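I am keeping these entries as I look through one structure, and I write down each term's cut-offs when I need them. The sequence and structure go here.

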Amino acid sequence: MDTYVYRIGNNLYVNLTNRCSNRCTFCVRNGKETFEGYALWLKGGEPTAAQVTAALGECDCDEVVFCGFGEPTYRLDVMSEVCGYVHAHGKRTRLNTNGHGSLINGRNIAPELAGKLDGINISLNASDARRYKALCRPLYPAAFEEMLAFARACRDQGLNCWFSVVDCIGEEEVAACRNIADAVGIPLRVRPMIEA
Ligand code: SF4
């Protein structure tokens, strides 16, 4: 049975796809069958919105987070529909994204996220395109620049968004990432590395 929804702490996480436009060297998927005990490789295909909402039930959680073993914006329509369901249950929504959603969908998707997502965590990961390419191995050559453009577009929509980096990149690199976040005008959150 595929895992569409899983719980960590007080949050429910939604696993919409295994597709991703990055192949990060540090990805929790690398060489793994499970994460936190959950089998997140979708062997029976990607879920429909109805399958996700059935798995969410009454949304017994603080927040519903679109995350999982893949980049959720590949499933923009399903994510939007599920956001409506979560809000109807009075709960918050968050997207954890690599910031490639506009590239993936071939248009600026930020306006479509307004009113749907209460928080957007954009993985910055590195302070320049060269480092980003080495660390994240993106499918799109302009992924770093387009991720920054996505962040600016979310900011311009008034969306509650922030960049994140993992602490293992070192103090100097964190400081350089902070400069980028300041230039874009959104916060930077530094999170501990999850052991893959
Ligand atoms: S963007 Fe996320 S899911 Fe995709 S490879 Fe990187 S860490 Fe893994």
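Before checking a helix length, I noted that the expected span of a helix is 1.5 Å times one less than its number of residues, and that helices (H or I, at least four residues) and strands (E, at least two) are DSSP runs, numbered from the N terminus. I also noted that this is a predicted model, in which local features need pLDDT of at least 70 and side-chain atom pairs count only at pLDDT 80 or more, while totals for chains, interfaces and linings use all residues. Residues are numbered from 1 along each chain as its sequence is written, and side-chain values use heavy atoms, with hydrogens and water left out.

**Entry 1, helix 2.** I looked up helix 2 (residues 76-88), whose 13 residues should span 18 Å at 1.5 Å a residue, and since its end C-alpha atoms are 19 Å apart, the two values agree. I then listed its buried residues (under 20% relative accessible area; exposed is over 50%, partly exposed in between, with a 1.4 Å probe and protein chains only), and found Leu76, Val78, Met79, Ser80, Val82, Cys83 and Val86. These buried residues pack, by contact (heavy atoms within 4.5 Å), against helix 1 (49-56), strand 5 (63-66), strand 6, helix 3 (101-105) and helix 4 (110-113). Just after helix 2, I saw that Gly90 takes a positive phi of about 75°.

Is strand 7 (residues 119-123) enclosed or open? I found that 5 of its 5 residues are buried, so strand 7 is largely enclosed by the rest of the structure. Gly119, Asn121 and Ser123 are buried on one side, and Ile120 and Ile122 are buried on the other. In a regular strand the side chains alternate between the two faces of the sheet. For pairing, which requires that DSSP finds at least two bridges between two strands, I noted that strand 6 (residues 92-97) joins strand 7 in the parallel sense over 4 bridges, with Arg94 opposite Gly119. Strand 8 (residues 161-166) also runs parallel to strand 7, with 4 bridges between them, and there Cys161 is the bridge partner of Ile120.

I looked up nonpolar cores, meaning sets of buried Ala, Val, Leu, Ile, Met, Phe, Trp, Tyr and Cys residues joined through side-chain atoms within 4.5 Å. The largest has 52 residues, and Leu56, Met79 and Ile120 are among those with the most contacts inside it. Its largest share, 8 residues, comes from helix 6 (residues 143-156).
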